[in-house]
Amino acid sequence: MPDSIGKKITTWQQSFGRNNLPWQQNITPYRVWVSEIMLQQTQVSTAIPYYNRFMHTFPTVDSLAKAHEATVIEHWAGLGYYQRARNLHKTSQIVHNEYQSIFPKTPESLIQLPGIGKSTAHAILSICHDAQYPILDGNVKRVLSRYYGIQEAVDKADTIKHLWHLASQAMPQQNCRIYTQGIMDLGATICHKKPQCPSCPLQDSCMAYQKNIQTQIPVKKPKNKKRKQDLYCLCYFHKGKLLMQQRDETGIWPKLWCPPIQKLLSSIENNHSVIRLPHYKHILTHIEMTIHPLIVLTRPENQLPTGKWLDEKQALTIGIPSAIKKLILNQSLFKIAKNHLSTRKTPVKAL
């Protein structure tokens, strides 16, 4: 069975797999590494424009190492999980300073670098050096769990250990790069949440398919309920520009730029009048946020928060979270502010 799965996936990938993704061209450890980090928690279709822009600005590990962290974060804005970007920057500096800009060629050395786990290290070595190192990302867990009919939760330590053993067995001795790409492609395009079993090269020997339980696998432990939180986004305008502040390193949206954000409105009660814009939802891994945008009308005697005054183009390019991008674009924040602040035709509701 192990030889069968490896050969079938390799043959399938060469005919039906994805072979034109940007990180599959001019393969280098640097390019593969960036793609692997970017694809953690991010769909391929979403990652591609970010990847192309990132590579245009940082074409080599040296260029990334020499960049300011703020510039790296700006190029990551909208992808979420910003620790990934900070780890990219840290690792690039270590590779530049300690490895003479050459990525290590052993998994043990790669795993010591910030943000690189076992599966990512193996992917770099398998894809770049055609080395016999199996991977175990989310797509691979799904394929192997269904193929071998594993009904234990895939996020339990014992199950993960078992899956690593199966991944090692399934890994062929030759064409490792093709197999690695193939099993990722299979999980992403065929063996996904709604499996397309008739198109799968493993259908005839897949235990989940034989038992008709493929939609019930992989099994995961029950998730904790998301915490709900209201956030008030205070939009101060002056001469057509929006006041933006850089957030702290900790908490949500670290080091990104936003209008002042508050959890309560008490600090501006009775001091300002506001125009309320429609609230909207924004979902993070652990938080379901309701964002309440307010255009704040200031009086001459009011003391304004500190920050930068930015026009719409500057605000969209400085590095902002997708939740604020939604506000600026979807709700036409600058246009609404201009109309209200110039004409004052809409009544202002005092807090």
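**Exercise 1. The surroundings of Y30**

Determine which residues Y30 is in contact with, leaving aside its neighbours within four places in sequence, and decide whether Y30 is buried or exposed.

*Solution.* Contact is taken to mean heavy atoms within 4.5 Å. With the neighbours within four places in sequence left aside, Y30 is in contact with F54, M55, F58, P59, T60, V61, L64 and F103. For accessibility, buried means under 20% relative accessible area, exposed over 50%, and partly exposed in between, with a 1.4 Å probe and protein chains only. Y30 has a relative accessible area of 6%, so it is buried. Finally, Y30 and I124 stand 94 residues apart in sequence, while their C-alpha atoms are 8.7 Å apart in space.

The model is predicted, so that local features need pLDDT of at least 70 and side-chain atom pairs count only at pLDDT 80 or more, whereas totals for chains, interfaces and linings use all residues. Residues are numbered from 1 along each chain as its sequence is written, and side-chain values use heavy atoms, with hydrogens and water left out.

**Exercise 2. Helix α6 and its partners**

Describe the span of helix α6, find which of its residues are buried, and state how α2 is oriented to α6.

*Solution.* Helix α6 covers residues 83–98, which is 16 residues, and from its first C-alpha to its last it reaches 22 Å, close to the 22 Å expected at 1.5 Å a residue; the expected span is 1.5 Å times one less than the number of residues. The buried residues in α6 are R84, A85, R86, N87, L88, H89, T91, S92 and V95, and the buried residues of this helix pack against α2 (29–38), α3 (44–57), α4 (61–66) and α5 (69–76).

Turning to α2, its axis and that of α6 come within 10 Å and cross at roughly 160°. Axes here are lines fitted to C-alpha atoms, for helices over the stretch in contact, and angles run from 0 to 180 degrees between N-to-C directions. Angles under 35 degrees count as roughly parallel, over 145 as roughly antiparallel, 65 to 115 as roughly perpendicular, and the rest as oblique. The two helices α2 and α6 are therefore roughly antiparallel to each other. On the side of α2, W33, V34, I37 and M38 meet R84, L88, T91 and S92 in α6. By class, this contact of α2 with α6 has five nonpolar, two polar and one charged residues, where Ala, Val, Leu, Ile, Met, Phe, Trp, Tyr, Cys and Pro count as nonpolar, Asp, Glu, Lys and Arg as charged, and the others, Gly among them, as polar.

**Exercise 3. Backbone angles in the loops**

Find where Y81 and W253 lie, and state which residues the cis peptide bond joins.

*Solution.* Most residues other than glycine have a negative phi, and most peptide bonds are trans. Y81 is not a glycine, yet has a positive phi of about 50°; its place is in the loop between α5 and α6, and at 38% relative accessibility Y81 counts as partly exposed. W253 also has a positive phi, near 55°, and lies in the loop between β2 (241–246) and β3 (257–258). With a relative accessible area of 5%, W253 is buried. The cis peptide bond joins I217 and P218, with omega about 5°, and P218 lies in the loop between α12 (207–211) and β1 (227–238).

Terms used. Helix = DSSP H or I, 4+ residues; strand = E, 2+ residues; numbered from the N terminus.
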